Amino acid sequence: MDTANLTRDETAARSAAITARSIRVELDLTGAPERARTGFPTVTTLEFDATTTTTWVDFIGESVQRVVLNGEEQEVVYDGARIALTGLAASNVAVVHAVGTYSRSGEGLHRFHDPADDETYLYTQYEPADSRRVMACFEQPDMKSPFTFVIDAPAGWEVLSNQVPTRVVPGVGVQHVEFAPTLPISSYITAVAAGPYTRVDGEWERGDQKIALGVFARRSLAPYLEAGEILEVTRQGLDFFSDAFAYPYPWGKYDQIFVPEYNLGAMENPGLVTFTEAYLARGAATDSQRAARANTILHEMAHMWFGDLVTMRWWDDLWLKESFADYMGAHASAAATRFTDAWVKFAASRKAWAYQQDQLPTTHPIVADIADLEAAKLNFDGITYAKGAAVLKQLVAFVGEDAFFEGARRYFAAHAFGNTTLDDLLSQLNAVSGRDMDEWSRAWLQTTGMSTLWLEAEPDGAQVLVQSDPRPHRLRIGTYGFDGDRIVRREQVALDIADERTGVDLPEAELILLNDDDLTYAKARLDARSLETVEESLSLIDDSLARAQVWASLWNATRDGELDPSRYLAIVRRHAPDEPNSGLLVGVVANAAFAVRHFVTERIREAEQRALVETAFESLLRADAGSDAQLTWARAFAAASAYDDVHAAELTAMLEGQVPEGLPVDPDLRWQLLTALATTGHASASDIAAELERDDTGDGRTAARRALASRPDAAIRAAAWEAAWNDTSLSNDHLDAEIAGFRAGGRRDLVERYDGEYFRRIAEVWRTRSIELARRLVIGLFPASPTVDAVDAWLAQNESAPAALRRLVIEQRDHLAREIRVRALRR
Ligand SMILES: [Zn+2]
């Protein structure tokens, strides 16, 4: 439905002609527990002023029954995405009676039936444009208005929205809940959740401000809800941001809910933040998992100001809120919580996402040109989040933290409840920093790609810092050497560079880090001596941020084909077992596994795979009982064992209860171990059925589906292939399970016959499935062919395919081409 893809131009015209005054949304969710019911009644009353006689409201659902405009019944003109309104007056009241669809894709009003206790759970997810799957509305961020939600739901359920309820009327088996109107907000951050969720209450107080806190999860996950820790981080964050932004938290209450089958990490709905259940561990969690959760809690909280209170006008400036929130997630973690090393993980993992995306042919400036919603949907990417945040970190180095926060404070004060563009932020930063933000913006926000930094020696021995793709950087160079058996920083040189070559005068050192403290956004290479030092002694480096820099540098060089993947893997085998930072360890182990699968040549892949399994197994046995390292290595061992069954007997023994002392084998780890066995032919359908009996939960059913599809049998893979493309009843999570099963164990021999079919199917799937599910199929089933011929042929023959689809295919092509290129270097 092309009219669903709203464009920047038409929405700008609509907001120029229409001013929303208030929107009232009445939802009847009383039928939700009945699975046969596919839809729910929804009535929206929109009050708005108009300087035009015609407009439209957005709605995507089962049907539109009635449209009443200014008291008069209208003919329903509905094309599946838009409802036409004609004969507008200066002031209008439009009432739309419709039926929305319960979602299984995580877009709109998602419905989940919990097999653990047969309860039904609902929640909404909208960004960028799925509130129209629940209500008739003006689906664009610059048409803010107060929203009033009125919800009928089964009795006994928690019924939640952005605001507090003002009236609850109990009925027979049902309840009628009316919420207070919100302050003016955009449609994409409205929210509803309903179901027998478990609730934990808390409170945050500051001066005379008192905010009620709530933490929610499905009943069957209640034992795993670490509400105490979540509330503690929440209070620390509210303290921190209230001070930093000098604008009191505006949204009345602060509820946080963990929801099933969620498409992203979390969403910043004011007063009702939604989170993926992946942040609740069913048993065992490492501290780095808790750190990631705290980071996300703080990221969403920063949005309460940056994004919710002040909102981008259109999706071109999505980065305004996402870069800022991403920066704040790490900054507030480090400044206000026990997760003081948040910038370490940022340097190693978050920036890797940015560097990767920024080297794709589809990369874009941080300030993007987003013509329509499909483009917007794909821009929730490594540039918008991670590069944006990294560039803000460089900005803080440039203008200083005080000026940066003062600029933010002025920005909130000037634009509260309004919409902005980049210039609005830059002008505040200009004023407080006294620096030319336009020049900075041109260099960092309006360009693509990154500099690579390395050292060279002139013929006379003088040292030169070289940067490709030159930009103005403020950075520090650290020189490191041995102090006893530890490597510590000896000196640090701060400098501003702008040219391609800058003379530097550095002391002799065993290790030189060119982006010490990770201030700037650039790939920093290690010189030959430094590489030898880390090869021998990486794990002796004292400082975790310095080790993050080294790990990141090694990985970037491997991806770029400058460092032999075998040399990288040898460094991982030697030093990862001694990596004390669990966040770094998780990332390194994942990169090593990726290198084996993609960057190592066929000739030595089996040997490298075996070496990796053995490292994981030995490290698991060697790790301290109950440590994060033990759990991380156990997971790595299970993951690696899907490609090499040398330790199948040990995996089986672990499932039978013979586990290393102190290792918590929770349901998720059990599924991982069993899936490895299934993938290599050592576990049968009845083994999987037995495990499902042990863990007949939502997660268990998804895991069982994946394990079944992972068995090394061409007919089973064929069934997974069919299900992924054709079974439209699959939820988002179950679709992922089929895709993962299809690809399990890297068994190209079982699936390569589908390469051609993939390219024959993607155009149709893009047309017929929601963008969320279509994207999973296009990315997840992209063939790992030995050449790019087939994808190049498709691109040549499909120049007029939708831009968003082409973008995804071009990106997958580039990943494949990189792997082929890196492997070719080592033949
Ligand atoms: Zn965000």
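1. The model. This is a predicted model. Residues are counted from 1 along the chain.

2. The largest cavity: volume and make-up. The volume of this cavity is about 140 Å³. A search of the whole structure finds five cavities of 30 Å³ or more. Sorted by class, the lining of the largest cavity holds nine nonpolar, four polar and four charged residues.

3. The zinc site. Three residues coordinate the zinc ion: His299 through NE2, His303 through NE2 and Glu322 through OE, at 2.0 to 2.1 Å. Along the sequence, these donor residues follow the spacing H-x3-H-x18-E. His299 belongs to helix H3 (residues 287–303) and Glu322 to helix H4 (residues 318–336), so this pair ties together parts that are 23 residues apart in sequence.

4. Are His299 and Glu322 buried or exposed? The cut-off for buried is a relative accessible area under 20%. His299 has a relative accessibility of 6%, so His299 counts as buried. Glu322 has a relative accessible area of 1% and is buried as well.

5. The S23–S26 pair. Strand S23 (residues 463–467) and S26 run antiparallel and are joined by four bridges. Within this pair, Leu465 stands opposite Thr502 in S26.

6. Strand S10 and its partners. How many of the eight residues of strand S10 (residues 147–154) are buried? Seven are, and the strand is mostly covered. S10 pairs with strand S1 (residues 18–28) in the parallel sense over six bridges. Arg24 has Thr148 in S10 as its bridge partner. S10 also pairs with strand S13 (residues 174–179), here in the antiparallel sense and over five bridges. In that pairing, the bridge partner of Pro154 is Val174 in S13.

7. Pro128 is placed in the loop between strand S9 (119–125) and S10. With a relative accessibility of 7%, Pro128 counts as buried. From C-alpha to C-alpha, Pro128 and Thr680 are 41 Å apart in space, and they are 552 residues apart in sequence.

8. The five-stranded sheet. Another open sheet has five strands in the order S15-S16-S17-S19-S18, with mixed pairing. Which strands stand at its edges? They are strand S15 (198–206) and strand S18 (266–267), each of which pairs on one side only. S18 pairs with strand S19 (residues 272–276) in the antiparallel sense over two bridges. Ala266 stands opposite Phe275 in S19.

9. The second largest pocket: location. The second largest pocket has a volume of about 1,100 Å³. Its lining has 33 residues, of which Arg133, Thr768, Arg769, Ser770 and Ile771 lie nearest the centre. Helix H6 (373–378), helix H24 (755–768) and helix H25 (771–780) each supply at least two residues of this lining. Of the elements that line the pocket, H24 gives the most, with four residues.

10. The second largest pocket: make-up. By class, the lining of this pocket has 13 nonpolar, 10 polar and 10 charged residues.

Terms used
Predicted model: local features only at pLDDT ≥ 70, side-chain atom pairs only at ≥ 80, totals over all residues. Heavy atoms only, no water. Donors = N, O, S within 2.8 Å, 3.2 Å for Na, K, Ca; no water. Buried < 20%, exposed > 50% of the residue type's maximum accessible area, 1.4 Å probe, protein only. 1 Å grid on protein atoms, 1.4 Å probe; cavity = no way out; pocket = protein on both sides within 12 Å on 5 of 7 lines; lining within 4 Å. Points joined across faces, edges and corners; volume = space filled by probe spheres on them. Nonpolar A, V, L, I, M, F, W, Y, C, P; charged D, E, K, R; others polar. Pairing = 2+ DSSP bridges.
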